[in-house]
Amino acid sequence: MSANIINTPLEKLSIFKGKGVQMRTFHITWLTFFVCFFGWFGIAPLMPTIRADLNLTKAEVGNTIIAAVSATIIARLLIGKLCDTWGPRKTYTALLLIGAIPVMGVGLAHDYTTFLLFRLAIGIIGASFVITQFHTSMMFAPTIKGTANAVAGGWGNLGGGITNMLMPLIFAAIVGAGYTKSEAWRYAMILPGVLLLVMAFVYYKFTKDTPAGNYDEIGRTKATKTKTDYTILKDWRIWSLALAYAVCFGMEITFDNVAALHFVDTFKLSQSSAGLWAGVFGFMNIFARALGGIFADKVGNKYGMKGKGLLLACVLLLEGICLLLFAQSGNLAMAIVTMLSFALFLKMANGTTYAIVPFVNEKNVGLVAGIVGAGGNVGGMLFGFLFKSETITYVQAFTYIGFVVMTVSGIVFVTRYQKAKVIEAVEAETEFAAA
């Protein structure tokens, strides 16, 4: 019986334990996702310096923001399929190795065009989220999936906040060592690239695809080659979740990209101070996304998928309201308070969304996770067009997005999610472990 427990998904998330393949994989997965944010958004808090160094216009800065998230859309769709067939361990390792190249190479950019191309290439790292959620789902039982996914995603997203805080300090340290600002931002990006390579080794060496072993060890690869059923694309619930993720995670990565510039331009903060406050936004992930998953699991256990859907609609509505208040903030203190408010509900919406995703279609978790995850980047890309416009201010852009979020909340509210089929989910997990 003890061997069966070792080789099956856990029914409890013990975050302070690292024993067993499930918890070891859980901790390595969220830590890897955390590092991926350093590579993906390490440039963002340095943009005030880069903008001056490369003489970028507002429209050009906006284009680089769009590029940073647009490549992730295709990457997430492909990654979801690879997770289903190739396995999360090999998929994550390959992504980390490939992603490290443009991260370390971005310092070679000396004009707008090359910088844009490097940011586009770096965008593939954002697909790491799909693997994180897929792999975590494999390690935990249905009753705790939402919480496990939310904690892993939240702690990984925390990298976006720490990046905003830490990269300006690394930049300042390099300048203090005698290098010019133009050289400093380039050398600063070498560190995230090296970290990606380190995590590629750790992930391949110390994780397993499933509690029962890697795909090739348990014969899972051959069994899943014809598994993906693309008829699920007709399921409206998947697209409603993609819309929801577009306005919560899409807004999160947009804010990660523009927050430092907004605080510098609107409130005249220094680059380091702006990075600090932008980092506070991301730091909320240490608990806020997990709250969304925890509440979703509790609501789901009592009211099923319908309850989870209503919870998601509520937190999206509150996110939209608080974002409107942030847009109208006339001073830094009010901006910080309202930023923390919309950050709380935004990140709870992230966690709630992925507490629903694993149950929409248990046979194609990777594909569903990829579609919904890609939806988040579509949102980030579309929002980026608002911030590149020469005729729309950042304040106006935040206002428009607030109304969009509230509209999507209404769409989620009227979407009828089926009651969670816990028994079927357990059977699916048992079948998976025995495959």
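**View 1. Helix 14 and helix 16 cross in a right-handed manner in this predicted model.** A crossing is right-handed if the near helix is turned clockwise from the far one by less than a right angle, and left-handed if anticlockwise. Helices (H or I, at least four residues) are DSSP runs, numbered from the N terminus. Helix 14 spans residues 271–283 and helix 16 spans residues 332–360; they pack at an angle of about 25°, with their axes 9 Å apart. Axes are lines fitted to C-alpha atoms over the stretch in contact, and angles run from 0 to 180 degrees between N-to-C directions. The two helices are therefore roughly parallel to each other, a term for angles under 35 degrees. Helix 14 contributes Trp277, Val280, Phe281 and Gly282 to the contact, and helix 16 contributes Leu332, Ile336, Met339, Leu340, Phe342, Ala343, Leu346 and Lys347. Contact means heavy atoms within 4.5 Å. By class, these residues are 10 nonpolar, 1 polar and 1 charged. Ala, Val, Leu, Ile, Met, Phe, Trp, Tyr, Cys and Pro count as nonpolar, Asp, Glu, Lys and Arg as charged, and the others, Gly among them, as polar.

**View 2. Helix 7 passes helix 8 in a right-handed crossing.** Helix 7 (residues 128–139) packs against helix 8 (residues 142–176) at an angle of about 145°, and their axes are 9 Å apart. Thr132, Gln133, Thr136 and Ser137 of helix 7 meet Lys145, Ala148, Asn149, Ala152 and Gly153 of helix 8. This contact has 2 nonpolar, 6 polar and 1 charged residues.

**View 3. Phe37 and Phe41 form a stacked aromatic pair.** Rings of Phe, Tyr and Trp (its six-membered ring) pair if their centres lie within 6.5 Å, and planes under 30 degrees apart count as stacked. The count by this rule is 27 aromatic pairs. For Phe37 and Phe41, the separation is 5.6 Å centre to centre, with 25° between the planes. Because they lie 4 residues apart in helix 2 (residues 20–41), about one helical turn separates them.

**View 4. Leu386 lies in helix 17 (residues 365–388).** Leu386 touches Ile392, Ala397, Tyr400 and Ile401, not counting residues up to four places away in sequence. The C-alpha atoms of Leu386 and Ala59 are 9.8 Å apart, although 327 residues separate the two along the chain.

**Notes on the model.** Residues are numbered from 1 along each chain as its sequence is written. In this predicted model, local features need pLDDT of at least 70, side-chain atom pairs count only at pLDDT 80 or more, and totals for chains, interfaces and linings use all residues, while side-chain values use heavy atoms, leaving out hydrogens and water.

How values were computed
Parallel < 35°, antiparallel > 145°, perpendicular 65-115°, else oblique. Phe/Tyr/Trp six-rings, centres within 6.5 Å; stacked < 30°, edge-to-face > 60°.
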